[in-house]
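Student: I would like to learn how to read salt bridges. Can you take me through them?

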Amino acid sequence: MSEPGAPSPSPGPLRVCALYPDLMNIYADRGNLIVLERRCAWRGIDFELSSSGLGEQLDADAHDLFYIGGGQDRDQQLCAHDLIETKRDGLHGAAARGAVVLGVCGGYQLLGHSYILGADEIPGVGLLDVRTAREDGPRLIGNVAIEVSLGDESPVTDGNGRILAGFENHGGRTYLGPDARALGRVVKGHGNDGQSGFEGARSGNTIGTYLHGPLLPKNAWFADWLIAKALNVDPSELHPLDDALEREAHLSARRAAGL
Ligand code: GLN
């Protein structure tokens, strides 16, 4: 038990595993990992980063947060088969015990059931009940803002609500299945398929989104929500930080989206 008046012990460590960081990393996804690392360090929370690449098994119990970033169709194809063969069971096990799995863009598509690309059907791990298809029509590109429904009462917000602001660039259109819940509602931009008004998907602590690149630098509040979920603490238990610059980055991303 801690002494009266003594600071409460920091939770942690936060153990993060980057999946295919060399192949699924076309939009500076490393920056998202750096945000997690910095926000933990500033709070005195130990942070451990490891990676799992092609051919490497996954220990479901060894990590609290798994990250998979964006990729070119060709690299995505390579990873998809490996994901099924060497990491599927580990990822499902981790998700079942509440670890956070965050997939961005190509990584989001791989968390679903499949990605149909011409005559090929790239298999996904099926953690999210979504399917993606490359159809006729332009790539969905531009600044985007979504209103997120996290479905809990956590007090973590961007200061005005729960807006995620970012940039999307995808050829695939993603459709939610009956068991899927969108991550949010499109306020500006295209979202999952350019028509439904939905963006991303969430099942428990598994999250997929098309907001790529500096998702977390532009949305520090969401980084904190992920850290809290991965550490299994309430977001209000995380020590507040001086987020003046982070708020500016967020507001600038919102403005870019026209919000
Ligand atoms: N290759 C996928 C698509 O174009 C994902 C691209 C990405 O990760 N931005 O839909």
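**Reading the salt bridges**

Tutor: Start with R88 and D89, which form a salt bridge whose closest N and O atoms are 3.9 Å apart. The term means a side-chain nitrogen of Lys or Arg within 4 Å of a carboxyl oxygen of Asp or Glu. This is a predicted model, where local features need pLDDT of at least 70, side-chain atom pairs count only at pLDDT 80 or more, and totals for chains, interfaces and linings use all residues. Residues are numbered from 1 along each chain as its sequence is written, and side-chain values use heavy atoms, with hydrogens and water left out.

Student: How many salt bridges does this rule give?

Tutor: The count is 10.

Student: Is D89 buried or exposed?

Tutor: Buried means under 20% relative accessible area, exposed over 50%, and partly exposed in between (1.4 Å probe, protein chains only). D89 is exposed, at 62%. R88 is partly exposed, at 33%.

Student: Which residue forms a salt bridge with D243?

Tutor: R39 does, with the closest N and O atoms 2.8 Å apart. D243 sits in the loop between α5 (220-231) and α6 (244-256), while R39 is in helix α1 (residues 30-41), 204 residues apart. Helices (H or I, at least four residues) and strands (E, at least two) are DSSP runs, numbered from the N terminus. Both D243 and R39 are buried.

Student: What does R43 meet in a salt bridge?

Tutor: The side chain of D224, at 2.8 Å from N to O. R43 lies in the loop between α1 and β2 (47-52) and D224 in helix α5, so the pair ties together parts 181 residues apart in sequence. R43 is buried, at 10% relative accessible area. D224 is buried too, at 9%.

Student: Which residues are linked in a network of salt bridges?

Tutor: R39, R43, D224 and D243 are.
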